[in-house]
Amino acid sequence: MARTASRPARLTANGIGLVAFVLATFPVYWMLNSSFLDRNEIRNPVPTWVPFGGDLDNFRTVFETGQFVSALKISLMVTGLTLLVALSFAFVAAVAVSRFRFRGRISFIVTLLVIQMIPAEGLFISQYKMLETMELLNTVVGLTIVYVAGVLPFTIWTLRGFVEGVPYELEEAAMMDGCTRTGAFFKVTFPLLAPGLVATGVFGFIQAWNEFTLALVVMTREDQRTLPLWLSTFTDVNRGTDWGGIMAGSTLIAVPVIIFFLIVQGRMVSGLTAGAVKG
Amino acid sequence: MSERTDRARAVSLPYLLLTPAVLALCLALGYPLVRQVVLSFQEFGLAQQFGTPPEWVGLDNYRELLTDAYLWKVTLRTIVFCLVNAAVTMLIGVGLALVMRTMSTWVRLLTQTGLLLAWAMPVVASLTVWQWLFDTQYGVVNYVLSALGGDFEGHGWLLRPLSFFFVATVIVVWMSVPFVAFTVYAALTQLPGELLEASEIDGAGMLQRLRYVILPSIRPVLLVVGLLQVIWDLRVFTQIYILQQAGGSARETNLLGTYIYRLGIGGGDFGTSAAVAIFMLALTVVLTAPYVRAMLRQEREA
C-alpha cells in the first residue's frame with residue numbers, strides 16, 4: 001500500500017503525523033517540564049519551555065506534606081487487595097467458561113458484557129447507601145468491594161481468552177500419561193498462563209490505581225483519600241494553585257502507570273476489542 | 001468414588017468455579033441495583049438520613065423528574081455532549097488511522113508512540129495538566145494564542161458554559177483518539193492488498209477507494225468502536241466534575257453523572273437521585289443493546 005503513495009501524499013501524511021505527535025505528547029511533556037520548575041519560572045508570563053536549571057524541589061514538597069504518603073498507602077492497599085481478589089475470582093471463572101460447556105454459560109458471558117457497560121454513576125448512589133449500612137464507608141475494604149465488581153467482568157473476559165489460547169489437547173496428553181484432570185491443568189496449562197495473568201493483573205492495577213469516581217463517593221474523609229482524590233483536591237479553587245507541586249504529584253502518579261501500560265498494551269489491545277478487529 | 005457422584009461433580013464443577021465471581025458481582029452490583037429501584041420509589045432525604053423511616057411515594061420521584069425542566073436540559077446537554085465528542089473522536093481517530101498508512105515508517109512510529117503516551121496517561125493526571133495548560137494567568141494556551149495575535153491574556157476558559165464544554169471536549173477527545181486510531185489501523189492492516197490494487201487499476205481515485213472499498217470493508221470495526229465511544233462519552237464524569245471544582249458553574253455545566261452525584265451525595269436527596277440514576281441506566285441499556293448483539297454474533301461464530 002505504502003509503495004503506491006505519491007510523494008506529495010506522503011509528505012502531507014508525514015506532516016499530519018508530526019502534528020498529531022506534538023499534540024499527543026505535549027501535555028505529557030508539559031507535566032514533566034513543569035514539575036522541575038520553581039515558583040518564579042511557573043509564574044513567569046513567558047513559559048519556560050525546557051527545564052534547564054530545574055530541580056526536584058516540587059517533588060520534595062509533595063513528599064513533605066505527608067498527605068501524599070498517606071494517600072499512596074491507601075492507594076496501594078486498595079489496588080493490591082482488589083487485584084488479589086479480582087484475579088483469583090476471575091481466574092477460576094475464566095477456567096469454567098473456557099474449559100466447560102454448561103447450561104447458563106452464554107447467559108453468564110452476556111451478563112459480563114452488559115455489566116461492563118454500566119456507568120459507575122448509574123449505581124453509585126445505592127452503593128454508597130449499601131456501604132453506609134455496612135459501616136464500610138471510608139474503608140479500604142468498602143472501596144475494594146466496589147472495585148472488584150468493576151474490574152471483574154473485564155478480567156474474566158481477558159483471562160478467558162488466555163485460557164482458550166492454551167490447547168486443551170496438551171492437558172489431554174498429560175491425562176493420558178496418568179495425570180488427574182486437575183493435576184493436568186495445574187502442571188500443563190497454568191504455567192503457560194502466567195504471562196496472561198501478569199498482563200491482566202497489570203491492566204487491573206492501572207484501572208484501580210486511576211479510578212476516581214467511586215473513590216470520590218466512598219472515601220469522603222480527608223485521611224482516607226486515594227492518590228487521584230488527593231491530586232484532584234490540589235486544584236481546589238480556594239487554595240491558590242501550586243502548579244509545580246501539582247505537576248510533580250501528577251508525574252509521580254502517572255509514571256508507573258505509563259511504564260506498565262507500555263509493557264502490556266500490545267497484549268491488551270486485542271483483549272479490549274475482544275475480537276472486533278477480526279471484522 | 002462411584003461413577004455417579006463423579007459425574008455429578010463434573011456437572012457442578014463449573015458452577016462451583018463461577019460462584020466467587022457471581023457472589024462478588026451480586027453483592028457489589030446486584031444488591032445495589034435492587035436497592036436503587038426501591039429507593040427510587042421512596043421519599044429519602046435528609047430526614048431519613050437521620051433515622052426517619054423512608055416513605056413510599058410510588059412514582060412521585062419519577063413524576064417530579066419528568067416534569068422538571070432542568071432534568072431535560074441536563075439530559076439534552078448530556079446527549080449533545082456525548083454525540084459531539086464521539087463524532088469528533090471518530091473523525092480524528094479514523095482519519096489518523098487512514099493517514100498512518102501513507103506515512104514514512106519513522107513518522108508512523110513517532111505518531112504511534114505519541115498516541116500511546118496520551119493513552120497511558122491517568123485520567124486525573126491528564127486533567128490537572130490540561131487545567132494547567134488552560135490556566136487563566138500562566139497557561140500556555142493563552143500565551144500561544146496571544147502570541148499569535150489573539151486577545152487571550154487572562155482569558156478564563158471555564159467561566160462560560162460553552163467554553164467550559166470546549167475544554168472538556170478537547171480533553172475527552174485527546175484521551176479517546178488513541179484507542180480509535182490503533183483499533184482502526186489494526187483493521188486496515190488486515191485489508192488484502194490485492195483489493196486496493198485492483199480498485200486502483202480500475203481507475204478509482206483516492207476518495208472513491210475510501211468510500212467504496214476501504215470504509216465498507218472495515219464497517220464492522222467502525223460500528224463497534226463508534227458505539228463504544230458513544231457509550232463511554234455518555235458517562236463522562238471525572239472530567240466534568242474536576243473542571244467544575246476548578247471553577248465552572250456546576251448548575252450550568254452538569255451532565256447526568258455529576259447531576260446524580262450533586263443531587264444525592266452532595267444534596268442528600270437519595271430518592272430523586274436514585275430515580276435519575278435509573279433513568280441513566282435505561283438510557284445506557286438502549287445504547288448498549290446493539291453492541292452486545294454484535295459481540296454475541298462474534299461469540300457464536302467463534
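Tutor: For the complex, the predictor gives an ipTM of 0.88 and a pTM of 0.89. This is a predicted model: local features need pLDDT of at least 70, side-chain atom pairs count only at pLDDT 80 or more, and totals for chains, interfaces and linings use all residues. Residues are numbered from 1 along each chain as its sequence is written, while chains are lettered from A and ligands numbered from 1 in the order in which they are written.

Now the pair. Helix 8 of chain A covers residues 168–176, and helix 9 of chain A covers residues 181–210. Helices here are DSSP runs of H or I with at least four residues, numbered from the N terminus. The two pack at an angle of about 125 degrees, with their axes 9 Å apart. Axes are lines fitted to C-alpha atoms over the stretch in contact, and angles run from 0 to 180 degrees between N-to-C directions. Helix 8 and helix 9 of chain A are therefore oblique to each other. Under 35 degrees counts as roughly parallel, over 145 as roughly antiparallel, 65 to 115 as roughly perpendicular, and the rest as oblique.

Which residues meet? From helix 8 of chain A come A:L170, A:E171, A:A174 and A:M175. From helix 9 of chain A come A:R181, A:A184, A:F185, A:K187, A:V188 and A:T189. Contact means C-beta atoms, placed from the backbone, within 7 Å. By class, this contact has 6 nonpolar, 1 polar and 3 charged residues. Ala, Val, Leu, Ile, Met, Phe, Trp, Tyr, Cys and Pro count as nonpolar, Asp, Glu, Lys and Arg as charged, and the others, Gly among them, as polar.

Next, the wider setting. Chain A is divided into domain 1 (2–55) and domain 2 (59–272), with bounds from an automatic or database domain assignment. Their C-alpha centres lie 32 Å apart. The domain contact takes 8 residues from domain 1 of chain A and 7 residues from domain 2 of chain A. Helix 1 of chain A gives the most to the domain 1 side, with 4 residues.

Last, the two chains. Their contact takes 87 residues from chain B and 84 residues from chain A. On the chain B side, helix 1 of chain B (residues 3–40) gives the most, with 18 residues. That side divides into 62 nonpolar, 19 polar and 6 charged residues.

How values were computed. Contact = placed C-beta atoms within 7 Å.
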